[in-house]
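Here is a briefing on aromatic contacts and annotated positions. Start with the structure below.

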Amino acid sequence: MEGGLSSFWGPVTAAEWCEKNYVYSSYIAEFFNTISNVPCILLALIGLINALRQRFEKRFSVLHVSNMILAIGSMLYHATLQHMQQQGDETPMVWEMLLYFYILYSPDWHYRSTMPTFLFLYGVGFAMAHALLRFGIGFKVHYVILCLLCIPRMYKYYIYTEDASAKRLAKLYVATLFLGSICWLADRLFCKEISGWYFNPQGHALWHVLMGFNSYFANTFLMFCRAQQREWDPKVVHFLGFFPYIKIQKPKSQ
């Protein structure tokens with residue numbers, strides 16, 4: 001979808017989306033798809049600050065940082081539309097799902113030392129294979145499978161959670177995922193029709209924004225569930241009566 005300005009990064013070598021290239025700057029190929037990652041970075045930073053301030057387990061700090069890395073990788077990909085940057089977006093997506101898998105399943109894993117080792121080696125192996133083989137549709141299928149593997153455990157956490165505010169976080173997670181998926185599919189499948197409209201709704205950019213909130217709601221819900229497991233008396237509180245985060249009360253011995 002070429003626009004009017006020259007390209008600083010050279011010919012496009014990565015997958016394009018339904019946004020005209022280099023319309024606002026010769027340094028940014030897909031402007032809206034690039035800047036729409038900023039909310040994800042800010043939300044992940046808020047989650048990281050809360051995790052550090054209340055001394056949650058390091059896994060949640062790493063999770064929030066991985067959200068930021070993923071968003072930065074996506075910004076570089078959409079700004080340049082180069083294949084290397086696309087892989088720098090896609091590989092952290094898989095790493096992030098492996099981290100979610102660990103957080104969801106490790107509390108009941110009988111051989112706890114084996115899980116992080118296996119997931120680390122799996123992540124390294126995928127990164128090397130993706131760099132050499134340049135997966136296309138295979139990457140998408142693989143990523144969807146990883147997401148599906150997390151759903152049963154997420155649902156189990158939901159049905160065993162009695163707190164109404166925590167359940168609302170899980171519902172917001174599902175709602176943003178559903179709306180974001182519609183935006184992603186519309187942008188991908190109906191680009192020809194959308195390009196003829198007077199106004200492009202920028203479905204892929206909306207996907208980025210919604211997935212930023214989706215990750216925040218998922219992380220906050222998982223922090224609540226983990227705090228319950230550790231008997232830290234978690235509560236969902238709201239900043240300015242709107243923005244949710246987790247507040248815990250650890251026993252003095254901890």
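Asn21 counts as buried, at 0% relative accessibility. Buried means under 20% relative accessible area, exposed over 50%, and partly exposed in between, using a 1.4 Å probe and protein chains only. This is a predicted model, in which local features need pLDDT of at least 70, side-chain atom pairs count only at pLDDT 80 or more, and totals for chains, interfaces and linings use all residues. Residues are numbered from 1 along each chain as its sequence is written, and side-chain values use heavy atoms, with hydrogens and water left out.

**Annotated positions**

- UniProt, in an unreviewed entry, places the feature "binding site" at Trp17, Glu19, Asn21 and Glu30. UniProt positions follow the numbering used here, feature names are shortened, and annotations may be inferred rather than shown by experiment.
- From this set, Trp17 is part of the lining of the largest pocket. On a 1 Å grid over the protein atoms alone, a pocket is an open set of points with protein on both sides within 12 Å along at least five of seven lines, and lining residues have an atom within 4 Å of a point.
- Asn21 lies in the segment before α1.
- Glu19 is also found in the segment before α1 (31–35). Helices (H or I, at least four residues) and strands (E, at least two) are DSSP runs, numbered from the N terminus.
- Glu19 has a relative accessible area of 4%, so this residue is buried.

**Aromatic pairs**

- The model holds 16 aromatic pairs. Rings of Phe, Tyr and Trp (its six-membered ring) pair if their centres lie within 6.5 Å; planes under 30 degrees apart count as stacked, over 60 as edge-to-face and the rest as tilted.
- Phe31 and Phe32 make an edge-to-face pair, 5.5 Å centre to centre with 85° between the planes.
- Phe31 is partly exposed at 25% relative accessibility, and Phe32 is partly exposed at 30%.
- Tyr216 and Phe243 make a tilted pair, 4.9 Å centre to centre with 35° between the planes.
- That pair links distant parts of the chain: Tyr216 sits in helix α9 (residues 203–229) and Phe243 in strand β2 (residues 243–247), 27 residues apart.
- Both Tyr216 and Phe243 are buried.
- One aromatic cluster is formed by Phe126, Phe135, Phe139 and Tyr143.

**Charges over rings**

- Arg188 places its charged end over the ring of Trp17, 4.2 Å from the centre. The rule asks for NZ of Lys or CZ of Arg within 6 Å of the ring centre and within 35 degrees of the ring normal.
- Lys167 lies over the face of Tyr158, 3.8 Å from the ring centre.

Note on methods
1 Å grid on protein atoms, 1.4 Å probe; cavity = no way out; pocket = protein on both sides within 12 Å on 5 of 7 lines; lining within 4 Å.
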